[in-house]
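Trainee: Could you help me learn to read aromatic rings in a protein model? I would like to go through some cases with you.

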Amino acid sequence: MIRIKIFVFVIMLSSLCMAKEKYFVYFKDKPVEKSTQINKYTAEYNSVFNLLSERTIARRQKLLNENELIQYEDVPVSSDYITALKQLGIEIVNQLDWFNSVSCYLDSTQIKVLLKYKFINKIEKVKTISFSKDDVTTYQSDSPAFINGTNYTYNYGASLTQNELSKIPLVHEMGITGQDVLIGVLDSGFDWKNHDALKNMHVIAEHDFVFNDNNTANESGDTPSQHNHGTYVLSIIGGFLDSYMIGTSFGSKFLLAKTEDIRTETNVEEDNYAAALQWMENQGVDITTSSLGYNEFNSGNHSYTYRDMNGNTAIITKALELAYKKGVITISSAGNEGDNSWFYITAPADGYKVISVGAVGSDNSLAAFSSRGPTYDGRIKPELTAMGVSVVGADASNGAYKYASGTSSAAPIVAGVAGLLLSKFPYLSNEQVRTILFESGDNVRTPNNEVGYGLVNAINAITFPNLNKLTTGQYVINKCFKTRNIENNNVYINYAVNSGTVASRLMNYNNNMTFSYQFSEFNEGDSISLYFTYKDSLGNEIKEPTNGTFKFIYGYPIVLRNLDYGIVENNTNNYGVIQNYPNPFTYLTNIDFYLSDNLNANVSIFNILGQKVIDLFNGVGKKGKNSIVWYGNNNHNKFCSSGIYIIVLTTGNKIESKKIVLLH
């Protein structure tokens, strides 16, 4: 870390009258070198580990190995640097360890002084993001708005349509309501304690990042409508009042972050959003959702453009990507710009891993206002849709309910479905949940830049097969069925290895229409295709899927049906690069290559223009199998855009290559 000397600068009295604006102050280093491996034997590991909740560690362990649990961005900002700023009379607003930065209000004189310090990397203006503006219509709540004429356990009232469109009541009927899942909501504020549909929900913690206190409802200094938007959004996920409205994942626990200050024309500042995500991740959040949508930031030189909707520019987007890297399922509204001059998705929906959500009507037709894709770098957006036209939610202004339209209304429905899925199968990683939600969409075979993979479907997600990796390293496949009309002792998994002969094995019945089978006969890299058969109470044999098969690569816990990996090739020679798996891939892909002896070898990735993207291996490889992983990044550690790439293995005068497909 750079050694600093603290100088006391006398700021001219005239500078106190200068207008101050909020800036990010980025530091050049941290108390630990970026190249240092932070493992459990280092002091940095243990000091940060003790700051994280048990839930945070458990969630990270689904995705990261033991020596990756604590990463460089987790290390706190240098306390010496913060002290230096405070001695200049600068008040820190947010400490953003993930970005090695703080936010604070500065005038031009203070900026000049700070830039003289050697430990300052750069200073950038904090931008503000506009909230999506929803079309709102209210209705009276003195009597049920809709009498449920179905045979469901719960009376959904006026919220029946939005729930039924995504088949949510069918999952509630299975007793799955989001139990033990922690969902974080970032919005304008939450009057949850005073609304009949919200007052009994389980809120773990809440924080106001505008006034820096623990009250997210209106307080002195707020405008009367400050907490209205957030209360409405929260109710769509977590509300519950029989005969009036029922939220998608009402049995979940919640973290609430007030990040928007609508005194400034419904704007949220980027640092508040990033700080809220960091706070939630440290609390152990499983899912985050926000109904923010950038279309116009501050005017002038501090504004983003569509060119910046590339997954790598906006702070709020980068913060979501870091949260995903740590195992969080991240969800964002796509934006309400589809019927205006902006048209495209908005930050943070441009992120690589964030699930961006578009809006449809009750007939599943695309809402005109729903923002379209692609991202500036050509990725499909939005990924999913949910009902976003005339969606019922809580009205904080009068304790009643209201209809509103916008992608703000659709995003919490998708977040709730993710909550239901994770509640049923708590071992699932964020990558598994994300893939299953895509596979469950009604447009998965022909994804596009209007609806992505299609309408989110809760029952399809719950009944999509998934893999659980045991501590022994073996995998258990779990399959939930939609029907109760099934003989529990007559359910079979039928599978073939590397296109070989189909084997049938009896599955074990667990509970609630769920069956499992533990694999023990496969090797890492084997390509498995499978389907399920069972007999109903009438003796009819049923196959699922009716056509085709499910598939997965042993050693990679992602089951697919419509999305495609490609098939792992069997190595028949003692030299060569094997087709990567999975292929296409989104998060990481495994690359194996074989050498006839201990040889100098190079494995690189090139784009289709022949330009080198990254060197993955350069050194002496061992005789036989060598394995490496590509995370879709380049030599500058930036994510590459979707497209076709080439793996090239070079040893001496021998060159072999394979095509690889990266999909975000």
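Trainee: Are Phe 481 and Phe 515 buried or exposed?

Mentor: Phe 481 is buried, and Phe 515 is buried too. Keep in mind that this model is predicted.

Trainee: How is a pair of aromatic rings described?

Mentor: You look at the distance of the centres and the angle of the planes. Let's start with a search of the whole structure, which finds 37 aromatic pairs. One of them is stacked: Tyr 244 and Tyr 401, with 5.7 Å centre to centre and 20° between the planes.

Trainee: Where in the chain do Tyr 244 and Tyr 401 sit?

Mentor: Tyr 244 is in the loop between strand E9 (240–241) and strand E10 (245–246), while Tyr 401 belongs to strand E19 (residues 400–405). The two are 157 residues apart, so this pair links distant parts of the chain. Tyr 244 and Tyr 401 are both buried.

Trainee: And what kind of pair do Phe 481 and Phe 515 form?

Mentor: An edge-to-face one, at 5.7 Å centre to centre and 75° between the planes. This pair also links distant parts of the chain, 34 residues apart: Phe 481 is in the loop between strand E21 (475–480) and strand E22 (491–497), and Phe 515 is in strand E25 (residues 514–518).

Trainee: Which residues do ring pairs link into a cluster?

Mentor: Phe 464, Phe 481, Tyr 509, Phe 515, Phe 532, Tyr 534 and Phe 550.

Trainee: Which residue lies over the face of Tyr 352?

Mentor: That is Arg 379, at 4.0 Å from the ring centre. Lys 30 lies over the face of Tyr 72, at 5.1 Å from the ring centre.

Conventions. Residues numbered from 1 in each chain as written. Predicted model: local features only at pLDDT ≥ 70, side-chain atom pairs only at ≥ 80, totals over all residues. Heavy atoms only, no water. Phe/Tyr/Trp six-rings, centres within 6.5 Å; stacked < 30°, edge-to-face > 60°. Helix = DSSP H or I, 4+ residues; strand = E, 2+ residues; numbered from the N terminus. Buried < 20%, exposed > 50% of the residue type's maximum accessible area, 1.4 Å probe, protein only. Lys NZ or Arg CZ within 6 Å of the ring centre and 35° of its normal.
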